[in-house]
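Subject: Handing over a structure

Dear colleague,

I am passing a structure on to you, and I would be glad if you could look through it before reading my notes.

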Amino acid sequence: MRIFSGIQPTGRKHLGNYIGAIVQYVAGQDRGEAIYCVVDLHATTVAFAPAELRELTYDTAAILLAAGLDPTRCLLFRQSDVPEHSELAWLLTSVTAYGDLQRMTQFKEKSAKQRELVTAGLFLYPVLMAADVLAYQADEVPVGDDQRQHLELMRDIAIRFNSRFGEQFVVPDARIPEVGARIMDLQDPTSKMSSTAASEEGVIYVLDATAQIERKFKRAVTDSGEGVYRAPDKPGITNLIDILAAVRAASPVEIEREFSGAGYGQFKGAVASAVIDYLAPVKQRYAELRGDQAALEAVLSEGAARARAIAGPTLAKVRDAMGVGAPR
Ligand code: AMP
Ligand code: TRP
């Protein structure tokens, strides 16, 4: 079984990314052949600073390694080092419906936020994402809930390509965690936690200092009334229960049982200290790994060479099936 996922080198990684996606990447190393990619080309679809992009790519790679990705048990690389991704993206545009891209929620949300330029790249983002996965014939794609629609489109693209040009691609399945697929903002528990939130108070970054994490949980918006249980009219407490369940690898029901008599203050304190303990070793490993940029570069470039050995043959086959380029 082959697993593939990508993560953007934009901003700092937060608890939503960590619980929704990164934990699944680490587990994937024991479940199959795991391939992970820092998608720097996707980061060029919104405003970005060229001088920062490389640094952010190393930051993101270091977070992944600190979380437990092991380059001897998985493949980790930078998207732009494998030109097969962008070539395949173009080839896939021939079977992608314009109307489907227009319907993408992420495109609508991100394009509304752009101040200067809504790029064609932002529109084509899901096609590049499809290319990332399909180039490796991956079976499974671990992602958070916000990528569900992109995964559905990816499957449609693969199916349409296969019926038009013959069976070329594995049609991949999304793997979305049961708990923690949508971690919410601590200040506004009806919006997902995101590094583009208006305020940072509701966002726990993986690299936040202990005191910051403590403060953010203490100030987390809870709901009126009392009782630590999940309910649609208790989005704040529900989110905190999910966070604690995820970091303890417990079920939300177990958390509800344990805190059935607790007040909100006590419960928030328990979530804060569990998250602090959970992230402490990651932060420490991050500092060590990030200090050695040459070693990070070596991991990424070796990963890219191994990735090309897989994606290259897929591209040769696809070019042939489409009749583009010189015959093989
Ligand atoms: P990105 O940083 O946008 O590349 O996202 C990396 C991964 O984190 C993707 O699989 C997302 O689905 C996941 N993710 C992002 N935000 C959240 C969130 N608030 N809760 C759970 N997963 C998330
Ligand atoms: N779009 C994904 C996100 O925002 C990142 C991504 C790019 C991705 N390519 C991918 C995820 C391929 C899974 C598979 O999180």
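This is a predicted model: local features need pLDDT of at least 70, side-chain atom pairs count only at pLDDT 80 or more; totals for chains, interfaces and linings use all residues.

Residues are numbered from 1 along each chain as its sequence is written, chains are lettered from A and ligands numbered from 1 in the order in which they are written, and side-chain values use heavy atoms, with hydrogens and water left out.

The protein chain is assigned domain 1 (2-175 + 293-322) and domain 2 (200-287), with bounds that come from an automatic or database domain assignment. The C-alpha centres of domain 1 and domain 2 are 30 Å apart, and 12 residues of domain 1 are in contact with 16 residues of domain 2, where contact means heavy atoms within 4.5 Å. Between domain 1 and domain 2 an area of about 1200 Å² is buried, 71% of it from carbon and sulfur atoms; buried area is the accessible area (1.4 Å probe) that two parts lose on being put together, summed over both. On the side of domain 1, the residues that lose the most area to domain 2 are R12, L15 and A66, which together make up 45% of what that side buries.

R12 also takes part in a salt bridge with E200, side chain to side chain (2.5 Å, N to O), and the count between domain 1 and domain 2 is 1 salt bridge, the term standing for a side-chain nitrogen of Lys or Arg within 4 Å of a carboxyl oxygen of Asp or Glu. On the side of domain 1 that touches domain 2, α1 (15-31) and α2 (50-67) each supply at least two residues, and α2 gives the most, with 5 residues; helices here are DSSP runs (H or I, at least four residues), numbered from the N terminus.

Turning to the ligands, ligand 1 is surrounded by 18 residues, the closest being Q8, K13, G144, D146 and I183, and a residue counts as near if one of its heavy atoms lies within 4 Å. An oxygen atom of ligand 1 lies 2.6 Å from a polar side-chain atom of K13, while a nitrogen atom of ligand 1 is 2.8 Å from a polar backbone atom of I183.

Around ligand 2 there are 13 residues, with Q8, Y125, M129, D132 and Q147 the closest. The side chain of Q8 has an N or O atom 3.3 Å from an oxygen atom of ligand 2, and a polar side-chain atom of D132 lies 2.7 Å from a nitrogen atom of ligand 2.

With best regards

Key
A polar contact is a pair of N or O atoms within 3.5 Å; within protein, one must be able to donate a hydrogen and the other to accept it, and residues adjacent in sequence count only if both atoms are side-chain atoms.
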